Amino acid sequence: MASLLPNPASFPTLICPFLCAATFLFCAVAGDGRVPAIYVFGDSTADVGNNNYLPGNTAKANFPHNGVDFPAKRPTGRFSNGYNGIDFLGMHLGFRRSPPPFLAIASKIHRRIARGIGGVNFASGGSGILDSTGSTISLANQIHNFVTVRSNMTAHLSETQTNQFLSKSLFIISTGGNDIFAYFSRNKAPNVTEKEQFIATLGSNYQYHIKKLYNVGARKFGIIDVPPIGCCPFTRSSNPTGGCVDVLNELPSQFNKAAMFLMHDLSLTLKGMKYSIGSSYQVVSNIIRDPSALGFKETKTACCGGGKFNGQFSCVPNATLCSDRNHYLFWDLLHPTHAASKFAGLAIYGGLTQFASPINFKQLAEEEY
């Protein structure tokens with residue numbers, strides 16, 4: 001595996017000129033620390049260890065081979081061989097990586113970091129937009145946990161100072177894939193009307209959560225859309241042809257479009273709200289379409305796992321593990337590698353509108369409230 005990214009302060013002004021000539025067609029400028037904190041919500045694409053503190057073994061990654069390329073080669077609860085996309089976005093925004101998981105700091109109420117001053121990651125693998133999705137920490141409960149952190153902040157700052165601080169901070173949400181998987185498990189061949197009803201339900205619930213965050217101080221929203229989950233190793237392994245499962249690409253595409261309209265409409269009605277939608281769907285689709293242009297060789301089989309495409313079994317200590325991890329798109333049956341997350345972070349932070357719209361995360365961070 002290639003060495004991990006250094007602190008953004010050591011980046012050259014233009015990051016990775018190769019990318020400008022490749023599929024991504026952009027040059028990202030290093031973060032300048034305009035965002036005072038990052039608050040992260042979502043599923044396993046954003047979780048950095050909250051599930052480590054939950055009972056049982058559901059949706060956990062705190063064991064090898066996870067973390068094999070993380071500093072000190074330790075599993076952290078990230079569903080990755082190294083960093084995830086949130087870590088890279090954090091780096092570009094001037095932080096060391098993602099803020100710490102909420103459950104790791106929940107008992108440390110007297111420490112500055114526990115008061116949420118530097119940001120907190122509330123994401124929980126297995127969760128979704130709907131309360132009925134998964135059995136971990138729902139998005140509703142993640143927001144409830146943020147309200148707890150906000151209360152700790154107002155105990156040390158005034159209400160006005162807290163609101164000013166939060167208005168400049170970035171609220172990142174990466175969720176929706178598990179809701180779609182759960183729906184598909186109940187209805188493998190939905191008709192047009194059923195799809196529309198499901199997307200409408202998902203959208204209305206997403207809107208509720210966005211408004212809830214806005215009402216407790218969020219103003220800058222960084223939304224990560226749902227990738228083409230029909231092409232992940234887990235899904236391919238269930239398809240007799242080994243190809244992508246179309247409906248599991250169609251549903252994310254439809255939901256992503258609905259989310260675009262939703263965020264646009266909310267920005268017109270909620271005073272001071274600003275947003276960017278980072279498209280993991282486009283990032284993954286571009287890597288699959290032309291992997292060699294971005295240094296990838298394997299886009300179907302997971303680096304770590306077992307069975308067909310290494311997509312039938314999870315990445316556990318006795319799983320098959322590839323050696324050339326930086327050439328793989330998928331780390332395990334569902335999640336991207338450190339290398340793929342690195343590209344996603346670059347594209348969403350400083351990319352063209354194909355990868356982040358209506359502005360990218362860098363521009364969002366620079367927006368004045």
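Reply:
**Starting at Thr235**

Thr235 counts as buried because its relative accessibility is 2%. Buried means under 20% relative accessible area, exposed means over 50%, and partly exposed is in between (1.4 Å probe, protein chains only). Before going on, note that this is a predicted model: local features need pLDDT of at least 70, side-chain atom pairs count only at pLDDT 80 or more, and totals for chains, interfaces and linings use all residues. Residues are numbered from 1 along each chain as its sequence is written, and side-chain values use heavy atoms, with hydrogens and water left out.

Thr235 sits in helix α8, residues 233-238. Helices (H or I, at least four residues) and strands (E, at least two) are DSSP runs, numbered from the N terminus. What does Thr235 touch, leaving aside its neighbours within four places in sequence? Its contacts are Phe181, Ile229, Gly230, Val245 and Leu248. Contact means heavy atoms within 4.5 Å. Take Val245 from that list. Thr235 and Val245 are ten residues apart in sequence, and their C-alpha atoms are 6.6 Å apart in space.

**Helices α6 and α9**

Phe181 belongs to the α6 side of a contact, and Leu248 to the α9 side. Two packed helices are described by the angle between their axes and the distance between the axes. Helix α6 (residues 177-186) packs against helix α9 (residues 247-269) at about 135°, and their axes are 10 Å apart. Axes are lines fitted to C-alpha atoms, for helices over the stretch in contact; angles run from 0 to 180 degrees between N-to-C directions. Because of that angle, α6 is oblique to α9. Angles under 35 degrees count as roughly parallel, over 145 as roughly antiparallel, 65 to 115 as roughly perpendicular, and the rest as oblique.

The crossing of α6 and α9 is right-handed. A crossing is left-handed if the near helix is turned anticlockwise from the far one by less than a right angle, and right-handed if clockwise. Helix α6 brings Ile180, Phe181, Tyr183 and Phe184 to the contact, while α9 brings Val247, Leu248, Leu251 and Pro252. By class, the residues of this contact are eight nonpolar, no polar and no charged. Ala, Val, Leu, Ile, Met, Phe, Trp, Tyr, Cys and Pro count as nonpolar; Asp, Glu, Lys and Arg as charged; the others, Gly among them, as polar.

**Helices α4 and α7**

Now for another pair. Helix α4 (residues 139-154) and α7 pack at about 0°, with axes 11 Å apart. That angle is why α4 is roughly parallel to α7. On the α4 side the contact uses Leu139, Ala140, Ile143 and Phe146; on the α7 side it uses His209, Lys212 and Leu213. These residues divide into five nonpolar, one polar and one charged.

Look at His209. Helix α7, which holds His209, covers residues 192-215. His209 counts as buried because its relative accessibility is 5%. Setting aside neighbours within four places in sequence, His209 contacts Ile129, Leu139, Ala140 and Ile143.

Beyond four places in sequence, Phe221 touches several residues, including Leu213, Ile210, Tyr214, Met263 and Leu364. The largest nonpolar core has 63 residues, and Tyr39, Phe41 and Phe221 touch the most other members. Apart from that core lies another, of 18 residues, among them Val35, Ala46, Phe361 and Leu364. A nonpolar core is a set of buried Ala, Val, Leu, Ile, Met, Phe, Trp, Tyr and Cys residues joined through side-chain atoms within 4.5 Å.

**The whole chain**

Step back. The chain has twelve helices and ten strands. Of its 369 residues, 58% are buried. Among contacts with a separation of 6 or more, 71% join residues 24 or more positions apart.
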